[in-house]
Amino acid sequence: MLSSLLGMPFPDFVTCADLVFSREARRETAMAKDILGEAGLHFDELNKLRVLDPEVTQQTIELKEECKDFVDKIGQFQKIVGGLIELVDQLAKEAENEKMKAIGARNLLKSIAKQREAQQQQLQALIAEKKMQLERYRVEYEALCKVEAEQNEFIDQFIFQK
């Protein structure tokens, strides 16, 4: 069977131990490995026949481990980013709430200012009305003082005439 794979005559009763101890056998084994290597077949460290080169197999295993580590790190990164996004969303909601409170406070201040302005205008109108009333009362007072003076003069004249 081995002789048909290698293309060389090997007796079927040769064992691996016979090959190891024989110098010529080692040379022939190296040639067989070369021939198998050219055919795309390789022996691993356990002397099992493999389709892939042992170096390629080792690199594949390393790449697989690196990929697993990378996927794990990406998972951790996604968790961190997810937490960050949640935090930013929460801060955005809080900022929006504070913004609404500030807008409400500003609108309240504007309405209070407008109320004060309207109240000030009402008070100014009341002051103007009271000034006009005061002016009427002053004019009326002066007129009454004049009338009183005339009546006192009339009374004095009337008393002197008697």
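Mentor: Let us begin with a pair in helix 4 (residues 54-161): Phe154 and Phe158 are 4 residues apart there, so about one helical turn separates them. Helices (H or I, at least four residues) and strands (E, at least two) are DSSP runs, numbered from the N terminus. The model is predicted: local features need pLDDT of at least 70, side-chain atom pairs count only at pLDDT 80 or more, and totals for chains, interfaces and linings use all residues. Residues are numbered from 1 along each chain as its sequence is written, and side-chain values use heavy atoms, with hydrogens and water left out.

Trainee: How many aromatic pairs does a search of the whole structure find?

Mentor: Rings of Phe, Tyr and Trp (its six-membered ring) pair if their centres lie within 6.5 Å; planes under 30 degrees apart count as stacked, over 60 as edge-to-face and the rest as tilted. The search of the whole structure finds 1 aromatic pair. Phe154 and Phe158 form this pair, which is stacked, at 6.4 Å centre to centre with 20° between the planes.

Trainee: Is Phe154 buried or exposed?

Mentor: Buried means under 20% relative accessible area, exposed over 50%, and partly exposed in between (1.4 Å probe, protein chains only). Phe154 is exposed, at 55%, and Phe158 is partly exposed, at 44%. Of the 162 residues of the protein, 6% count as buried.

Trainee: How many salt bridges are found in the whole structure?

Mentor: A salt bridge is a side-chain nitrogen of Lys or Arg within 4 Å of a carboxyl oxygen of Asp or Glu. The search finds 4 salt bridges. One of them joins the side chains of Glu98 and Lys101 at 3.7 Å, N to O. Glu98 is partly exposed, with a relative accessible area of 48%, whereas Lys101 is exposed at 56%.

Trainee: Which residues do salt bridges with shared partners join into one network?

Mentor: Arg138 meets Glu135 at 2.3 Å, N to O. Arg138 also meets Glu142, at 2.5 Å, N to O. Through shared partners, Glu135, Arg138 and Glu142 form one network. In helix 4, Arg138 lies 3 residues from Glu135 and 4 residues from Glu142.

Trainee: What pattern does the protein follow along the sequence?

Mentor: The pattern is α-α-α-β-β-α, with 4 helices and 2 strands. Residues 109-140 are 100% helix, and their end C-alpha atoms lie 45 Å apart.
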